[in-house]
Amino acid sequence: MLLTMYSYPPCGTCRKAKKWLEERSIPFQEINIAENPPDRDKLKQFIQNSGLSISKFFNTSGKRYRELDIKNKKMIEPEEKWLDWLASDGMLIKRPIVFDGEKITVGFNEVMFEKAWTNQ
């Protein structure tokens, strides 16, 4: 199945991930996460398929995360609310997110990508 990569073109980590996939001739479609963030249901699916906690999907080093004081809000709001925040603003989401309908990776790490996306 064709990979889908949610990324943000100016993001250096996203560019590294894109280059890694291209160098290995792994086909993918790219979606600009700032313009077309995954919706709530898609995010729920990502979290479930990844086995990661919802916290791992936040771009904690991002400007929007700091501006909206998400770190402190997460302490008092339920996780269901966290999904709303992520779905409302692609810049709150850690990137890139790469998925094939079943497997998913969040962020870029060569070892993780090698394990997940080679020998498809």
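View 1. Contact here means heavy atoms within 4.5 Å. Helices (H or I, at least four residues) and strands (E, at least two) are DSSP runs, numbered from the N terminus. The model is predicted: local features need pLDDT of at least 70, side-chain atom pairs count only at pLDDT 80 or more, and totals for chains, interfaces and linings use all residues. Residues are numbered from 1 along each chain as its sequence is written, and side-chain values use heavy atoms, with hydrogens and water left out.

View 2. Helix H6 spans residues 110-117, and its buried residues are Phe113, Ala116 and Trp117. They lie on the same side of H6 because they cover an arc of only 75° around the axis; the arc is that of the directions from the helix axis to the C-beta atoms. Exposed residues Val111 and Lys115 sit on the face turned away from the buried side. Buried means under 20% relative accessible area, exposed over 50%, and partly exposed in between (1.4 Å probe, protein chains only).

**View 3. The two ends of H6.** Asn109 lies in the loop between S4 and H6 and is partly exposed, with a relative accessible area of 38%. At the start of H6, a side-chain oxygen of Asn109 comes within 2.9 Å of the backbone nitrogen of Val111. After H6 comes Asn119, which has a positive phi, near 55°.

**View 4. The largest nonpolar core.** This core has 20 residues, and Phe46, Phe57, Phe58, Leu86, Ile97 and Ile104 have the most contacts inside it. A nonpolar core is a set of buried Ala, Val, Leu, Ile, Met, Phe, Trp, Tyr and Cys residues joined through side-chain atoms within 4.5 Å. Two or more residues come from each of helix H2 (40-50), helix H5 (79-88), S3 and S4. H5 gives the most, with four residues. Leaving aside neighbours within four places in sequence, Phe46 touches Tyr6, Pro38, Phe57, Ile97, Phe99 and Ile104. A second, separate core of 11 residues includes Leu21, Phe28, Val98 and Phe113.

**View 5. The packing of H2 and H5.** The axes of H2 and H5 come within 9 Å and cross at roughly 115°. Axes are lines fitted to C-alpha atoms, for helices over the stretch in contact, and angles run from 0 to 180 degrees between N-to-C directions. Arg40, Leu43, Lys44 and Ile47 of H2 make the contact with Glu80, Leu83, Asp84, Leu86 and Ala87 of H5.

Conventions: A polar contact is a pair of N or O atoms within 3.5 Å; within protein, one must be able to donate a hydrogen and the other to accept it, and residues adjacent in sequence count only if both atoms are side-chain atoms.
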